[in-house]
Amino acid sequence: MSMEPKLVAAIDCGSNSTRLLIAKIANDGVAAVERRMTITRMAEGVAQSGEISDAAMGRVVACLQEYRALMD
C-alpha cells in the first residue's frame with residue numbers, strides 16, 4: 001500500500017537553543033526538508049532568579065515566530 005508523502009515538523013525548546021526539523025515522510029523513508037538551530041539562551045539567569053526572564057522569553061518567542069513562518 002502506497003502512502004501519500006506528507007510534511008511533519010517538530011520543535012525542541014531547550015535551555016540554550018531552540019531547534020526545528022521539518023521532514024517529508026513517504027514510503028521510501030523520512031527526509032529532512034529544513035533543519036534549524038537558534039541559540040536563544042532561555043535559561044540565562046534562571047540559576048540566580050529562579051525564573052525565565054522577559055528578555056529570554058522574548059528571544060524564544062521571536063525564534064518560534066520565525067519557525068512558524070517556515071512551517072507555513
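This is a short tour of one predicted chain, stop by stop.

**Before selecting anything.** Residues are numbered from 1 along each chain as its sequence is written. The model is predicted, so local features need pLDDT of at least 70, side-chain atom pairs count only at pLDDT 80 or more, totals for chains, interfaces and linings use all residues, and side-chain values use heavy atoms, with hydrogens and water left out.

**Colour by confidence.** pLDDT is the predictor's confidence in each residue, from 0 to 100. Its mean over the chain is 96, and 99% of the residues reach 70 or more. Confidence is lowest in helix α1 (residues 46–49), with a mean of 96, and highest in helix α2 (residues 54–71), at 98. Helices (H or I, at least four residues) and strands (E, at least two) are DSSP runs, numbered from the N terminus.

**Select residues 6–13 and 17–26.** These are strands β1 and β2. They run antiparallel and are joined by eight bridges; two strands pair if DSSP finds at least two bridges between them. A hairpin of three residues connects β1 to β2. Aspartate 12 stands opposite arginine 19 in β2.

**Select asparagine 16.** This residue is in the loop between β1 and β2. Asparagine 16 is partly exposed, with a relative accessible area of 41% (buried is under 20%, exposed over 50%, partly exposed in between; 1.4 Å probe, protein chains only). Leaving aside neighbours within four places in sequence, asparagine 16 is in contact (heavy atoms within 4.5 Å) with Thr38, Ile39, Thr40 and Arg41.

**Select threonine 18.** Threonine 18 lies in strand β2 and is buried, at 0% relative accessible area. Residues up to four places away in sequence not counted, threonine 18 touches residues including Ile11, Val60, Leu64 and Tyr67. The side chains of threonine 18 and threonine 40 are joined by a polar contact of 2.9 Å. A polar contact is a pair of N or O atoms within 3.5 Å; within protein, one must be able to donate a hydrogen and the other to accept it, and residues adjacent in sequence count only if both atoms are side-chain atoms.

**Select Glu34, Arg36 and Glu66.** These three are linked in a network of salt bridges (a side-chain nitrogen of Lys or Arg within 4 Å of a carboxyl oxygen of Asp or Glu). Glutamate 34 meets arginine 36 at 2.7 Å, N to O. Between glutamate 66 and arginine 36 the closest N and O atoms are 3.2 Å apart. That pair links distant parts of the chain, from helix α2 to strand β3 (residues 29–39), 30 residues apart.
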